[in-house]
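Subject: Structure handover

Hello,

Here is the structure for your set. Please look it over before reading my notes, which come after it.

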Amino acid sequence: MARERGRNRPLELASFRNDVVAGLSLPQKSLPPKYFYDAAGSRLFARICRLPEYYLTRAELALTRRHLPAIVRFAGRGCQLVEYGSGEGVKSRMLIRALRPSVYVPIDISEDALLAAARGLAREFPWLRVAPLVGDFSRPLDIRVRRGTPSVVYFPGSTIGNLAPEEAHAFLSMSRGVAVRMLVGVDLKKAPALLHAAYNDAAGVTAAFNLNLLARINRELGADFDPRRWRHYAFYNPAQGRIEMHLVALAAQRVRLGSHRWRFAAGETIHTENSYKYSLDGFRELAAKAGFRSARVWTDRGGLFALHGLNSGSGS
Ligand code: SAH
Ligand code: AVI
């Protein structure tokens, strides 16, 4: 298994610290969702995917299984497959088996989860060249693909929904430099009650995932958040078309990180994640603005989730 490490720990820690300090200094305190995914956060996310309320993973797996021959015809067997936010690689397996890519480049910010998944795939598919890349897809990455073989970007899970529309636009524009075709998994707009349940599961796993962010800031940056004094809060914001996740201070408190101090009033929140939901046309419009033509779209029988097949506007 070829391996590229795009990481430099002291630099990574410095940007984590800078992002936390900047986010907690805003009028609406906020933290970037990419920091959910340390080893503990990735394990919690894997549990979220198996929750009865979290329909997203099951719906996307079902639609991929159902439309696999058409998806493979669209992507093209033997392509170079680049996957952003690959995580555990549950959906990747199905695609790899059917597509037989010449190389598979999974990219993820969560090093432990990425390398464990890459090792598992390399064992399961001995014929496959797996070239994992630890990195942040919100920045330009040095992705080594060969000229002459079409590259296909796979971005499942509705991770694109965690980007604000302008960030999603920037991401798609950047991907045009890598891919002739894209397969993007997108959660669809639906009844708010279903969305609410998916982000407020009865077992409290999503709450633990959200609260782990404070524990991670303590562990890695030496802050003194008391996670017991915070509560998970997630709701659908219909005007913005997104689920918002926050952490609510249960009482007035102060938090310290090195020389930085923040006061929190009782009930004040830290905004930790957005999860945008798109109509089919809403996503097509976003893709078109970034220069992609929507060629195909596949949905599950319940109409919960969509997989968009996009062509880069160059007609390749
Ligand atoms: N694709 C999987 C996992 C989705 S969870 C699925 O469909 O189930 C989102 C994944 O994206 C996680 O593995 C997380 O570590 C990764 N991720 C989140 N933000 C990232 C970023 N900025 N750069 C790279 N990976 C990121
Ligand atoms: C990774 N991402 C698409 C998930 C989502 O649904 O927005 C992250 C998540 N947050 C809470 N539950 C799951």
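The notes below cover charged contacts, a surface patch and cysteines.

Please keep in mind that this is a predicted model.

Salt bridges

The structure contains 15 salt bridges.

Lys-277 and Asp-187 form a salt bridge with an N to O distance of 2.8 Å. This pair connects distant parts of the chain, its members being 90 residues apart. Lys-277 lies in the loop between strand 11 (269-276) and helix 10 (280-289), while Asp-187 belongs to strand 6 (residues 181-187). Lys-277 has a relative accessible area of 2%, so it is classed as buried. Asp-187 is also buried, because its relative accessible area is 0%.

Asp-142 and Arg-144 are joined by a salt bridge at 2.7 Å, N to O. Here Asp-142 is partly exposed, because its relative accessibility is 45%. Arg-144 has a relative accessible area of 56% and is therefore exposed; the cut-off for that class is over 50%.

Asp-136 and Arg-139 make a salt bridge at 3.9 Å, N to O. That distance falls within the 4 Å limit used for salt bridges. Asp-136 is buried, with 12% relative accessible area, whereas Arg-139 is partly exposed at 39%. Both residues also belong to a network of salt bridges that includes Lys-34.

Positive patch

Two strands are involved: strand 9 (253-257) and strand 10 (260-264) each contribute at least two residues of the patch. Arg-261 sits in strand 10. Its relative accessibility is 53%, so Arg-261 is classed as exposed.

Cysteines

How many disulfides does a search of the whole structure find? The count is 0. A disulfide is a covalent bond between the sulfur atoms of two cysteines. Two cysteines have their accessibility listed here. Cys-49 has a relative accessibility of 14% and so counts as buried. Cys-79 is buried as well, because its relative accessibility is 2%. The cut-off for buried is under 20%.

Regards

Conventions: Residues are numbered from 1 along each chain as its sequence is written. Chains are lettered from A and ligands numbered from 1 in the order in which they are written. This is a predicted model: local features need pLDDT of at least 70, side-chain atom pairs count only at pLDDT 80 or more; totals for chains, interfaces and linings use all residues. Side-chain values use heavy atoms; hydrogens and water are left out. Helices (H or I, at least four residues) and strands (E, at least two) are DSSP runs, numbered from the N terminus. Buried means under 20% relative accessible area, exposed over 50%, partly exposed in between (1.4 Å probe, protein chains only). A disulfide is a pair of cysteine sulfur atoms within 2.5 Å. A salt bridge is a side-chain nitrogen of Lys or Arg within 4 Å of a carboxyl oxygen of Asp or Glu.
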